[in-house]
Every structure is written in structure tokens, then in C-alpha cells.
Amino acid sequence: MLGLAAAPAGIRTMSEEKLVFYREIRAGHSSSAYFLGKELSTRPKMFLSSLHFTTFYTILATPVVPFEALLLLNTIYFFCIYGIASLVASLVSRQDALLLAMLASLIAGIFNGAGPLLAEVKSWNMTWFWYICPSMPPKQELKKQTWYSEAFFSEHTTPFSYLYDVQASASFVGYITGRTQLDLGNRSR
């Protein structure tokens, strides 16, 4: 759901600025300075959007995850989907960009490790597709899962380990619980 909230914001940022960008490039200005300035100026908006989503999620779903951890997790993932949407917006026309970005964020959400299981992916010879999803950690084996879904699963189920066999469900999917700091630490750099 967070990806579907982040994609339209990324589209709006880049698709409305295409003409300005091309005009500035033709005038001799630096394209990297433009992108750096655009990146830095949208970070507060991304954080506020993530804060908005996390606040309403916390109010409506009442998760057991601490608000700060959930906010950090959502902000990093929001940043990833926002980047994909910005890339899509820069490659296709404005009319098609929103649909394609929403589709890309939906596919990234589906193929983030929970369904289908990443353990099955190797037999399909489609491992390349899981590596392009934003929540897949780079240079790790597929059985180690995705950082976002693994951290989300771990934070939501570990408090109930006295009631359920969390390790059995984690091993079925392929997650390693209790390493949220590692999952988030690799993404926040």
C-alpha cells in the first residue's frame, strides 16, 4: 500500500519538470546539479508523506511496532518507490507515467519475498526479476529475502512469539527474524 502512495508523488515531481529540465540542459546548465537539487528539495516532502502514511497506519491498524521503527521503515521504502516512479516519469509520457509507475510499485510489492516464495524463484529461472525490485538486498542470495518485507514481518510477529511459532513461519517463507537493524542499516546509507 505504501508503494501505491509513493508512486504518484514521484510521477508528479519528474513529469511536470521535463520541459524545464530540457530547457536548462540546452542552456548549458549541469544535469547532475539539477537532479541533486531536485533530490534534496523533495526529501522533506517524502518524509512528510511517509509520516502521514505511518500516522494513519498506526491509528487505524494499531501495530505493535514502535512508531519510530515503522516510520523509518516506511520512509526508506517510500524513497525507493519514489525513485522508481521518478525514473518511469522521465522515460515515458506524462499520460502513461502514472499507470506504469503504479504498476511498477504494485509488482515490486508483490515480488518482495512473500508471494511467491523466493526459494521457488530459482527453479523458474527468473532471479533477475527479483533483483530489480527495490526491496531486494544487493549481492545476497535469494534465500535471504528482501529487507523491507523481512523487517516488516520480524517487527510485527516477534512480539507474539510467546503465542505463535514465529520461527516456523519465518523459516517457511525464508525470513530471518530479529535483524531489523541490519535490514534498515543497509538501506539508510
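Tutor: Helices are DSSP runs of H or I with at least four residues, strands are runs of E with at least two, and both are numbered from the N terminus. Leu100, to take one case, is found in helix α5. This is a predicted model, in which local features need pLDDT of at least 70 and side-chain atom pairs count only at pLDDT 80 or more, while totals for chains, interfaces and linings use all residues. Residues are numbered from 1 along each chain as its sequence is written, and side-chain values use heavy atoms, with hydrogens and water left out.

Student: How many helices and strands are there in the protein?

Tutor: The protein has 10 helices and zero strands, and reading along the sequence gives the pattern α-α-α-α-α-α-α-α-α-α.

Student: Which residues does the UniProt annotation "transmembrane region" cover?

Tutor: Such positions are given in the numbering used here, with feature names shortened, and annotations may be inferred rather than shown by experiment. In this case an unreviewed UniProt entry places the annotation on residues 46-65, 71-92 and 99-119. The model can be set beside two of these spans. Residues 46-65 are 80% helix and 0% strand, with their end C-alpha atoms 21 Å apart, whereas residues 71-92 are 95% helix and 0% strand, with their end C-alpha atoms 31 Å apart.

Student: How should I read burial, and what share of the 189 residues is buried?

Tutor: A residue is buried when its relative accessible area is under 20%, exposed when over 50%, and partly exposed in between, using a 1.4 Å probe and protein chains only. Buried residues make up 37% of the 189 residues in the protein. Helix α8 (residues 147-157) is largely enclosed by the rest of the structure, because eight of its 11 residues are buried. Trp147, Tyr148, Phe153 and His156 are among the buried residues in α8.

Student: Where is Thr54, and with which residues is it in contact, leaving aside its neighbours within four places in sequence?

Tutor: Contact means heavy atoms within 4.5 Å. Thr54 has its place in helix α3 (residues 31-61) and is buried, with a relative accessible area of 0%. Leaving aside neighbours within four places in sequence, Thr54 is in contact with Phe67, Leu70, Leu71 and Asn74. Lys38 is found in helix α3 as well, and it counts as buried at 18% relative accessibility; with the sequence neighbours within four places again left aside, Lys38 is in contact with Thr13, Met14 and Glu17. Across the protein, 66% of the contacts between residues at least 6 apart in sequence join residues at least 24 apart.

Student: Is Thr62 buried or exposed?

Tutor: Thr62 counts as exposed, at 60% relative accessibility, and lies in the loop between α3 and α4 (67-91). Its backbone deserves a check too, for Thr62 has a positive phi of about 45° although it is not a glycine.

Student: Which residues make the nonpolar surface patch?

Tutor: Leu4, Leu100, Leu103, Leu106 and Ile110 make the patch here, with about 400 Å², and helix α5 (residues 94-110) gives the most to it, with four residues. An α-helix has 3.6 residues a turn, so residues three or four places apart point the same way. Leu100 itself is partly exposed, with a relative accessible area of 37%.

Student: How many aromatic pairs does the count come to?

Tutor: Rings of Phe, Tyr and Trp (its six-membered ring) pair if their centres lie within 6.5 Å, with planes under 30 degrees apart called stacked, over 60 edge-to-face and the rest tilted. The count comes to five aromatic pairs. The pair of Phe21 and Tyr22 is tilted, because the ring centres are 5.6 Å apart and the planes are at 55°. Phe21 is buried, at a relative accessible area of 16%, while Tyr22 is partly exposed, at 38%; ring pairs link Phe21, Tyr22 and Tyr34 into a cluster.

Student: With which residue does Arg23 form a salt bridge?

Tutor: The structure holds one salt bridge, and in it Arg23 is joined to Glu24, the closest N and O atoms being 3.6 Å apart. Glu24 counts as partly exposed, at 25% relative accessibility.

Terms used: Patches are made of residues with over 30% relative accessible area and no salt bridge: like charges are joined within 9 Å, nonpolar side chains (Val, Leu, Ile, Met, Phe, Trp, Tyr) within 5 Å. Accessible areas come from the Shrake-Rupley method with a 1.4 Å probe; for residues, only the protein chains shown count as cover. A salt bridge is a side-chain nitrogen of Lys or Arg within 4 Å of a carboxyl oxygen of Asp or Glu.
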